Amino acid sequence: MPASRRAPRSRWVPGHQAVLFAGAMRDPVRNTWIVDFGLICCAAIIPLAVICGPIRGIPLFWTAVDCSFAPGAAIPLWIARRAIQRSA
């Protein structure tokens, strides 16, 4: 498909994810599943980037950059999960 016929890329997904994590901030003990969901998403980033990167023609360097977001997001989520478990 020519570049002029492609749909423009949007940045709406991170905003929706931020709304999702608001529930964990409001009542963390009751909404532990939200933090678990975030950790699962962090684990899914790496295989998704490794498999879909070459299919979409993304260079290896940028695939590695995409994969670097997983531990960067998983570490604070893991710390939050431990704190929630201690408080419960």
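Residues are numbered from 1 along each chain as its sequence is written, and side-chain values use heavy atoms, with hydrogens and water left out.

**View 1. Overall fold of the predicted model.** The protein has three helices and zero strands, in the order α-α-α along the sequence. Helices (H or I, at least four residues) and strands (E, at least two) are DSSP runs, numbered from the N terminus. Of the 88 residues, 18% are buried; buried means under 20% relative accessible area, exposed over 50%, and partly exposed in between (1.4 Å probe, protein chains only). The accessible surface comes to about 7100 Å², and carbon and sulfur atoms hold 69% of that area. Accessible areas come from the Shrake-Rupley method with a 1.4 Å probe; for residues, only the protein chains shown count as cover. Among contacts with a separation of 6 or more, 54% are between residues 24 or more positions apart, where contact means heavy atoms within 4.5 Å.

View 2. I55 lies in helix α2 and is exposed because its relative accessible area is 68%.

**View 3. The largest nonpolar core.** This core has seven residues: A24, I34, V35, C42, A74, L77 and I84. Helices α2 and α3 (60-87) each supply at least two residues of the core. A nonpolar core is a set of buried Ala, Val, Leu, Ile, Met, Phe, Trp, Tyr and Cys residues joined through side-chain atoms within 4.5 Å. Leaving aside neighbours within four places in sequence, A74 is in contact with L39 and C42.

**View 4. T32 and its polar contacts.** T32 lies in helix α2 (residues 32-56) and counts as buried because its relative accessibility is 19%. Its side chain reaches the backbone oxygen of V29 at 3.0 Å and the backbone oxygen of P28 at 3.2 Å. A polar contact is a pair of N or O atoms within 3.5 Å; within protein, one must be able to donate a hydrogen and the other to accept it, and residues adjacent in sequence count only if both atoms are side-chain atoms.

**View 5. W62 and T63 in helix α3.** W62 is partly exposed at 48% relative accessibility, whereas T63 is buried at 7%. The C-alpha atoms of W62 and A49, 13 residues apart along the chain, are separated by 9.2 Å. Apart from neighbours within four places in sequence, T63 is in contact with A49, V50, G53 and I58.

**View 6. The two salt bridges.** A salt bridge is a side-chain nitrogen of Lys or Arg within 4 Å of a carboxyl oxygen of Asp or Glu. R81 pairs with D36, the closest N and O atoms being 2.4 Å apart. This pair links distant parts of the chain, with R81 in helix α3 and D36 in helix α2, 45 residues apart. R81 is partly exposed at 27%, and D36 is partly exposed at 24%. R30 pairs with D27, with closest N and O atoms 3.9 Å apart; R30 is exposed at 65%, while D27 is partly exposed at 28%.

Definitions and conventions: Predicted model: local features only at pLDDT ≥ 70, side-chain atom pairs only at ≥ 80, totals over all residues.
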